[in-house]
Amino acid sequence: MTTSGNTYHRAPDSVAEAPVGCPVNRTWSPLNDDYLNDPYPIAHQLREQHPVFWSEALGHVVVTEMSDIEYVFTNPELFASTNVQDPIYPLCAQATELLGAPDFDPVAVMSNRPEPDHARIRVYTRRGFSKRRLQSLESYMQARAARLLDQMIAAGSPAEYVGAVAFPLPAEIVFRLIGFPKSDDAMIKRWCVNRRAFSWGKPSDAEQVQIAKGMLDYWRYCRRFVASRREERGDDFTSELLDAWEVDPGPERDPGATTGISYREVESVVYGISFAGHDPVTALLCNTLRCLLPRRDQWRAVVDDPSLAAQAIDETSRFESSQISWRRVTTKDTTLGGVDLPAGTTLFLNFASANRQPERFADPDTFDINRSGVNQNISFGKGIHFCLGAGLAKMEARIALELLVERIPSLRLVDGQEFSYFPNITFRGPDAVHIEWDD
Ligand code: HEM
């Protein structure tokens with residue numbers, strides 16, 4: 001791991017300072033308990049105070065208005081995404097040493113790779129999410145979701161939804177998309193589970209070491225897996241990427257290539273996509289239940305007409321997004337929301353604020369599956385890095401919801417439970433959701 005270049009994760013190299021003239025907030029942090037529990041009223045207050053401000057605890061400029069966030073996303077030459085996978089806080093010496101292993105060398109490929117390479121690579125990765133592939137996965141998703149739900153129902157009410165369905169389902173889908181053998185699922189899930197803490201949390205030294213070991217093991221596993229597919233292809237995303245590499249190895253033939261994909265880039269896509277592809281989807285499945293189940297009229301509407309499931313998922317993505325922030329860094333001196341930002345300023349784009357902005361969404365604190373314009377939410381980003389898996393994520397969540405309303409219309413949240421959230425600045429879904437139903 002280095003502090004620069006195209007390595008997948010870069011260590012923060014210095015303590016950042018507030019840009020001159022930028023309003024400063026000395027108390028708020030997205031890791032504060034009250035914000036983790038319910039970010040929305042606080043995000044609203046922050047936006048009212050200063051649409052753009054410096055958070056001392058985070059060491060980032062916080063951007064709260066939808067129009068400013070959209071401007072950042074659609075001007076990648078001014079606002080680079082190179083920092084999105086980096087740890088926020090410096091790592092301890094032992095974790096740094098572990099990740100300094102000579103063979104820990106994934107390269108930035110998608111969310112954190114600048115142009116023009118990002119566009120070159122996205123040509124090939126986009127194919128993996130084609131309509132054909134999603135359609136071919138749909139029947140697998142249906143079957144897996146049905147099986148997990150049936151097991152949950154057979155075990156009887158009450159149940160815990162994260163463990164029963166919301167965690168295993170998205171992981172299995174993305175692992176089958178990549179082509180990982182089913183027999184490795186449990187091991188891979190163990191390695192990926194703490195990535196949230198590494199790049200978006202504040203893990204203790206001991207936790208950093210444990211996470212670093214998992215990342216190293218996982219990267220080595222990805223390399224062995226890609227090598228096995230190189231020998232023998234399957235009907236999967238990795239094999240398609242390897243076919244593309246064989247036709248045109250891009251930078252391996254010419255460092256300035258504008259087409260093709262290198263072998264190391266194929267390995268790195270596999271490494272990155274497994275986390276991107278399951279953690280926020282687990283949260284989406286849970287957030288959908290948290291939003292719908294207490295609002296019995298809207299739950300009942302979906303029970304009566306399951307074709308409303310897709311709308312319910314879209315409104316959940318706005319109202320209780322599984323991703324409530326993302327990051328960028330300025331490439332040049334620029335101005336945003338009237339604040340001057342020097343080159344190298346790190347930005348925290350606050351989706352929790354923007355997705356509830358009254359100028360964009362009428363009555364924004366009301367959950368309404370019939371809301372118009374809901375897809376203007378920013379939960380999947382915007383512009384050249386727009387989430388590659390948005391269609392897949394929504395399809396999984398829709399299938400799970402359609403099956404739930406069909407099989408257990410009496411479903412409800414267990415009364416009196418308190419929801420806890422894993423401390424991190426970006427991903428948001430409850431650790432556990434206890435549900436019950438009439439037998
Ligand atoms: C509810 C689920 C999900 C949410 C909320 C989410 C959100 C996001 C966001 C906010 C970005 C950054 C966009 C930007 O910088 O403009 C992103 C990028 C990305 N997401 Fe997702 N995502 C989800 C599910 C998935 C799934 C299922 C996959 C793949 C299996 C996936 C793969 C990616 C990839 C590869 C990128 C980088 C795209 C690029 O840079 O070209 N995501 N996602």
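Modeller: Alanine 400 touches Ala145, Val165, Leu169 and Leu285, leaving aside residues up to four places away in sequence; contact is C-beta atoms, placed from the backbone, within 7 Å. This is a predicted model, where local features need pLDDT of at least 70 and side-chain atom pairs count only at pLDDT 80 or more, while totals for chains, interfaces and linings use all residues. Residues are numbered from 1 along each chain as its sequence is written.

Colleague: Which residues have the most contacts inside the largest nonpolar core?
Modeller: Val63, Val270, Ala400 and Leu401, in a core of 110 residues. A nonpolar core here is a set of buried Ala, Val, Leu, Ile, Met, Phe, Trp, Tyr and Cys residues joined through C-beta atoms within 7 Å. Buried takes 20 or more other C-beta atoms within 10 Å of the residue's own, exposed 12 or fewer, and partly exposed is in between, with C-beta atoms placed from the backbone.

Colleague: And which helix gives the most to this core?
Modeller: α13, with 13 residues. Helices (H or I, at least four residues) and strands (E, at least two) are DSSP runs, numbered from the N terminus.

Colleague: Switching to the ligand, how many residues surround it?
Modeller: 27, and the closest are Gly277, Gly381, His385, Cys387 and Gly389. The cut-off is a C-beta atom, placed from the backbone, within 6 Å of the molecule.

Colleague: Which elements give two or more residues to that shell?
Modeller: α13 (263-292) and α17 (390-407). The largest share, 6 residues, comes from α13.

Colleague: Now α9, which of its residues are buried?
Modeller: Ile188, Trp191 and Cys192, in a helix that covers residues 185-192. They line one face of α9, because seen down its axis they fall within an arc of 95°, taken from the directions from the helix axis to the C-beta atoms. Ala186 and Arg190 are exposed on the other side.

Colleague: What do the buried ones pack against?
Modeller: α8 (168-178), α10 (195-200), α11 (205-231) and α13.

Definitions and conventions: Two residues are in contact if their C-beta atoms, placed from the backbone, lie within 7 Å.
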